[in-house]
Amino acid sequence: MKKRKSLRFPWKEIFIYLSLALSVVPFYIILNNSFRTTELFISNPFSLTNSLSFHNYVYAFERMNYLNAIFNSFLITLFSVTLIVLTASSAAYFLLRFKWRINKIIFAVLVSAMIVPFQAIMIPLVSIYGSLNALNNKWILIFMYMGFGQPFAIFLCHGFIKNIPLELEEAALIDGCNHVQSFYNIVLPNLKPILITLLILDVLWIWNDYLLPSMILLSPMQRTLPLSTYSFFSTYSVDFTPLMASLVMTILPVLVLFVLGQKQIVKGVVQGAIK
Amino acid sequence: MSNMKLHKKMGLFLVFAGPALFAFISVLLLPLIQGVVFTFTDWNLVSDKFSFIGLQNYQTVFRDREFIAQFLLTIKYVLYSSVLSNLAAFTLAYLLTSGMRGQNLLRGAFFLPNLIGGIVLGYIWKFIFSNVLTQLGKSLGIEVLSTSFLTHPQRAIWAMIIVTVWQYAGYLMMIYIAGFVAIPQETQEAADLDGAHGLSRLLRITIPLMVPSFVICLFISISRGFMTYDLNLTLTNGGPFGSTQLAAMHVYQKAFLAKQYGIGQAEAIVLFIVVALISVTQVMLTKKLEVEA
Amino acid sequence: MLQKRILATLLSLAVLLAMFAFPALAEEQVKLTYYSTSAEVNTMFEEMFVEYNKLFPNVVIELIPTGVGQGQQEQLASLYASGNAPTFMNIDPANALDYKDKLYYFDENNETWLSNLAPGAIEAGRLDGNILGIPFSIQGYGLNYNKRVVESIIPDFDPASINTRDALQAFFEKLDAAGVPPTMIHGANWSVGSHYLGLTYAVQSPETEGGKAFIEGLMRGEIDIAQDPIFQGYMDTFDLLVKYNYNKADPLVGDYNADTQAFAQGKCATFFMGDWSWTVIGAYENRDEEFGFIPIPWSNDPEAYGNSQVVATMPKIMCVDVSQSTPAQQKAALEMLRWMLTEPAGQEYFIKTGFSMPYTNVRDADYNSMTSSIADYMSKGKTINIGAFVYLTGDAWTKTGDLMLKYMVGVIDRTQLAQGINEYWRNVQ
C-alpha cells in the first residue's frame with residue numbers, strides 16, 4: 001500500500017541538511033586548509049585556498065612513510081576485524097542459546113570488561129608481554145585486538161541474536177544439522193546487518209587507534225598510520241596544515257571502504273528481509 | 001540440552017566460544033588481575049622494588065576530594081552527552097530509514113565525524129573553538145562567541161559535550177539504523193494494515209522493537225563517556241585551570257605524572273567498579289523491556 | 001729465491017688466516033634504540049642516525065616515536081615496563097632523577113671527551129651526586145622583546161636598563177602610551193606555573209641547594225610562601241604583566257601558534273617565553289627579524305639576584321640505560337654520544353637546527369637573535385640558575401600552574417594563591 005505523497009513542509013529535509021552542514025564544517029576546514037600553510041591557517045581559517053597546492057601532501061607522504069604505514073594499518077585492521085567478527089559472533093550465539101549458568105556468568109564478565117579503563121591494564125599488559133619478548137610484533141597486536149574487541153562485539157551480537165526466531169534453528173536441527181551447521185547456515189546470514197555494522201565500527205576503531213600500537217609496535221617499519229602522524233605534533237604546538245593533509249590521507253581509505261560497504265548493507269538488509 | 005554428554009558440551013564450548021575467550025582472558029583479564037594486584041602496592045612506576053600496603057591506596061582514593069569532584073563532573077558530562085547524542089542518533093536513524101531521497105549517501109555523510117580519531121579530533125575542535133568561533137563571534141558581534149568557549153569553566157564542559165555529540169551521533173546512528181532495518185517487514189506491513197501511522201506507530205510498535213538498540217547505544221555512550229581521555233586531553237587539557245578534568249585524565253596524571261602508580265590504579269579500579277555498577281544496572285533494567293520478535 | 005718463496009707462503013698464509021679471522025674480528029652489528037623527548041627535532045635525530053650508520057655500518061640506531069605532549073611520561077614508563085627500555089635517550093633532568101637507578105653514571109676519567117663541555121655545564125647532569133646525563137643545548141627565557149617594535153618607540157633601547165620593577169613599569173607605560181600592547185602572557189599552566197612561578201624557587205639563591213631547600217621547606221610545611229619577599233615581589237611583577245597583557249580579553253586561550261605568530265609580527269612588544277619559540281617563529285614567512293631578552297625584576301634593588309639576569313638552562317640531558325642494555329650496546333651508545341656532541345660532523349646537526357651547544361670546541365655560528373641574546377647574558381655571567389627545577393614534583397606545573405591561571409583571571413586572590421601553593425607542597429608524597 002503506497003502512501004499518498006502529499007505536499008507537506010519539508011521538515012525532514014531541512015533538519016537533515018542543516019545537521020549535515022554542521023557535521024561537515026570541520027571537514028571543510030580540514031580539506032580546505034590541507035592546501036595552505038599553517039601560518040595562513042591560523043590567521044584566517046575559513047578563507048578558501050588560493051591554489052590546490054599539494055605541498056603538504058607530498059611532505060606528509062614522505063614524513064609518514066605512507067606506503068609502509070598504510071600497509072601495516074591495512075594488514076592489522078583486516079586480520080583483527082575478521083577474527084573479531086568470526087569469533088565473537090559464534091561466542092555470542094553460544095552464550096545466548098545454551099542457557100547454562102556458566103554462560104551467564106561469562107557474559108556478565110564480558111560486558112563488565114567493556115568498561116575497564118585502558119590505563120588500568122596498560123602497564124601490566126606491556127610488562128606481561130614484554131617479559132615474553134612478544135612485543136614489536138604485528139601478530140601479537142592483532143591477537144590483542146581480537147581480545148579487546150570481544151566484549152563490545154559479543155554485546156552487540158547478543159542483542160540481535162534474540163531477534164532471530166528460535167523455530168528456524170529448531171527446524172534445522174530436526175532436519176539433521178548439527179549445531180555448527182545450524183550456526184553457519186541459519187544464524188550467521190541473519191546477523192548480517194549487525195555484523196556489517198560491527199565490522200565498520202571495529203575497522204574505524206582499529207584503523208584510528210593510537211595508544212595501543214604506540215606501546216606494542218616500537219620500530220619505525222612497524223608503524224601504523226596514526227603512529228606515523230606523530231611527527232606533526234611537538235610538545236607545545238601542532239603543525240596544522242601537514243597534519244590535515246595526513247589526516248585526509250588516513251581517512252581516505254576507510255572512506256572508500258565505507259562507501260563501498262554501504263552497498264553491502266543494503267544487500268544484506270534485503271536478503272535479511274526476505275525470510 | 002541438559003541430557004547432552006559432558007564431553008560434547010565441552011566440545012561445543014571450545015568450538016564456539018574457545019578462541020574468543022582465550023584471547024579475551026590473555027589480553028584483558030590477566031592484565032586486569034595484575035593491575036588490581038598493583039593497587040595494593042606502593043609502586044612508583046620506575047623502581048624495581050615495591051611493597052604491599054594493603055588497602056591504604058583505597059583509603060587515599062576516598063579521601064581525594066579532587067578525584068570525587070572530578071568524578072561528579074564526569075557524571076554530569078556523561079549524562080548530557082549520552083542523552084543528547086542518543087537523541088540525535090535516533091532522530092537521524094529514523095529519518096534516514098524512512099525512504100528519503102539519497103538516504104544511503106546521507107548515512108555515510110553523517111558517519112564521517114567518526115573517521116577522525118581521538119587526538120586529532122581534539123586539536124581540530126580546539127582550534128575551532130578558540131579561533132574559528134571567536135573570529136565569527138567578533139565579526140558578527142555575538143558576545144557569547146567572542147571569547148573562547150574553552151576559557152570559561154562552565155562553557156568548556158559544554159565544548160566537550162558538543163564535540164562528543166558531534167562524534168558519536170553518527171556512530172550510534174549506525175546501530176539504530178541496524179535496529180530499524182531489522183524490524184521484520186511483516187510487522188511493518190501488519191501495522192500499516194491496522195492503520196497505525198506516524199506517532200502512534202512510532203510509540204507503540206517501533207520503539208518497543210528498538211529496545212535492544214537502546215540498550216546497546218545507551219551502554220556504549222555511558223561507558224565510553226566515563227572513559228573519555230583523548231578528547232579531554234587535546235580539547236581542554238582539563239582546563240581552564242583543571243575545571244574540566246574528567247576522571248580518566250585524573251587517573252592518568254596520578255599514575256604517570258605524579259608517579260603514584262598504586263593510587264592511580266586504585267582510582268582506575270574504583271572508577272571501573274562504579275561505572276560497571278551503573279552500566280550493568282542500566283542494561284538489566286532496559287533488557288527487561290526487550291520484546292522478542 | 002727460497003727466501004722469496006718462504007715470504008710468499010707466509011704472506012698467503014697470513015692472508016688466509018686474516019680471511020678466516022676477520023669475521024671473528026669484524027664487529028657484530030649493534031642495534032640501539034633512542035628515545036627523544038624533544039619531539040620537535042626528531043627529524044634531526046633521524047637524519048643524524050642515517051649518516052652515522054653510513055660511517056659505522058655495524059651500528060644501527062632506531063628512533064622510538066615519541067608520545068605526544070604529556071604522553072611522553074607514559075611512553076617511557078611503558079617502554080621500561082615492557083623490557084624495551086631505550087638504549088639511550090634525551091630527557092629532562094627531573095626524569096633522569098626518577099630513573100637514576102637505571103642509568104649510566106658518566107665519569108670524566110672514562111669519558112674523556114667530557115672535557116669539551118663548557119665550564120659548569122656538566123653540573124646540569126649531576127644529580128644526587130652522580131652524572132646521570134650530558135647536556136647538549138642551552139635554552140633560556142625571560143621577557144622576550146621585539147627589537148623593531150621597542151626601538152620604534154624607545155630608540156637605542158638597552159635591555160640592561162630594566163633592572164628594577166619601577167623601570168619595567170615605566171617601560172610598559174611608555175609602550176602603552178604609544179599604543180603598543182606592552183607584553184603578552186601565554187595562557188598555559190606550564191608557562192606560568194613552571195617558568196614563572198619557578199623563578200620564586202630558583203632566585204632564593206644562585207646555588208641549586210638554596211632552591212632545593214626552599215622546596216623541601218614547603219613540603220615539610222615549615223615555609224609559608226606568602227611570607228617570602230621574593231614570591232611577593234614576583235607576584236607584584238606578574239600583576240604588571242597581567243595588566244598589560246595583549247591577551248587580556250581572553251587570557252586563557254593558550255594557543256601557542258597564535259601567540260607566537262602575534263609576537264613575531266610585532267603585535268605586542270614583549271612576550272614571556274623562551275628562545276625555543278624560534279623553532280616556530282623562525283619558520284614563519286611574515287615576521288620580524290630581531291629579538292632579544294629583558295630580565296624580569298622582582299624588586300627595586302638593582303643589585304638583587306634575579307633582577308638583571310635571565311634564565312639560562314640546559315633543559316635536557318642525554319642518558320644511557322644500563323638496566324636493560326648489553327655492555328656492547330652501552331659502549332656503542334657512549335661512542336655515539338661522543339660523536340654527536342663533540343665531533344664537528346655530529347655537532348653540525350645541532351647547530352643547523354639552531355641549538356646553542358655548551359661545548360668549547362663548537363664552531364662559531366650565526367645563531368638567531370633570541371639564542372644570541374641568551375648567549376650574551378651567559379658570557380656576561382648574568383644568568384639565573386634553575387637547577388632547583390629538577391626537584392619539582394611531576395605534577396607541580398599543572399597543579400600550581402592552574403592556581404596561577406586562576407590568579408591571573410581573578411578567580412582567586414594573592415592570599416588564596418599562596419595558600420593553594422602551600423597546600424600543594426604539603427600534600428606531596
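What share of the 429 residues in chain C is buried? In this predicted model, buried residues make up 50% of chain C. The chain holds 16 helices and 12 strands, and its C-alpha atoms fill a box of roughly 100 × 50 × 35 Å when taken along the principal axes. Of the contacts in chain C with a separation of 6 or more, 78% are accounted for by residues 24 or more positions apart.

**A helix pair within chain C**

Helix α6 (residues 165-177) and helix α9 (residues 229-243), both of chain C, have axes that come within 11 Å and cross at roughly 0°. Because angles under 35 degrees count as roughly parallel, α6(C) is roughly parallel to α9(C). On the α6(C) side the contact is made by C:Arg165, C:Leu168, C:Gln169 and C:Phe172, and on the α9(C) side by C:Asp236, C:Thr237 and C:Leu240. Sorted by class, the residues of this contact divide into 3 nonpolar, 2 polar and 2 charged.

**The side of chain A that touches chain B**

Between chains A and B, 72 residues of chain A are in contact with 72 residues of chain B. The elements of chain A that give two or more residues to this side include α1 (11-33), α4 (66-97), α5 (101-113) and α7 (138-161), as well as α6 (118-131), which is taken up below. The element that gives the most is α13(A), with 11 residues.

**Helix α6 of chain A**

α6(A) has 14 residues and reaches 20 Å from its first C-alpha to its last, close to the 20 Å expected at 1.5 Å a residue. Why can α6(A) be called largely enclosed by the rest of the structure? The reason is that 10 of its 14 residues are buried, among them A:Gln119, A:Ile121, A:Met122, A:Leu125 and A:Tyr129. What covers the buried residues of α6(A) includes α7 and α11 (211-216) of chain A, together with α1 (6-38), α12 (247-257) and α13 (261-287) of chain B and α3 (71-81) of chain C. Just after α6(A), A:Asn133 takes a positive phi of about 55°.

Definitions and conventions:
Residues numbered from 1 in each chain as written. Chains lettered and ligands numbered in written order. Predicted model: local features only at pLDDT ≥ 70, side-chain atom pairs only at ≥ 80, totals over all residues. Helix = DSSP H or I, 4+ residues; strand = E, 2+ residues; numbered from the N terminus. Buried ≥ 20, exposed ≤ 12 C-beta atoms within 10 Å, placed from the backbone. Contact = placed C-beta atoms within 7 Å. Expected span 1.5 Å × (residues − 1). Axes fitted to C-alpha atoms, helices over the stretch in contact; angles between N-to-C directions. Parallel < 35°, antiparallel > 145°, perpendicular 65-115°, else oblique. Nonpolar A, V, L, I, M, F, W, Y, C, P; charged D, E, K, R; others polar.
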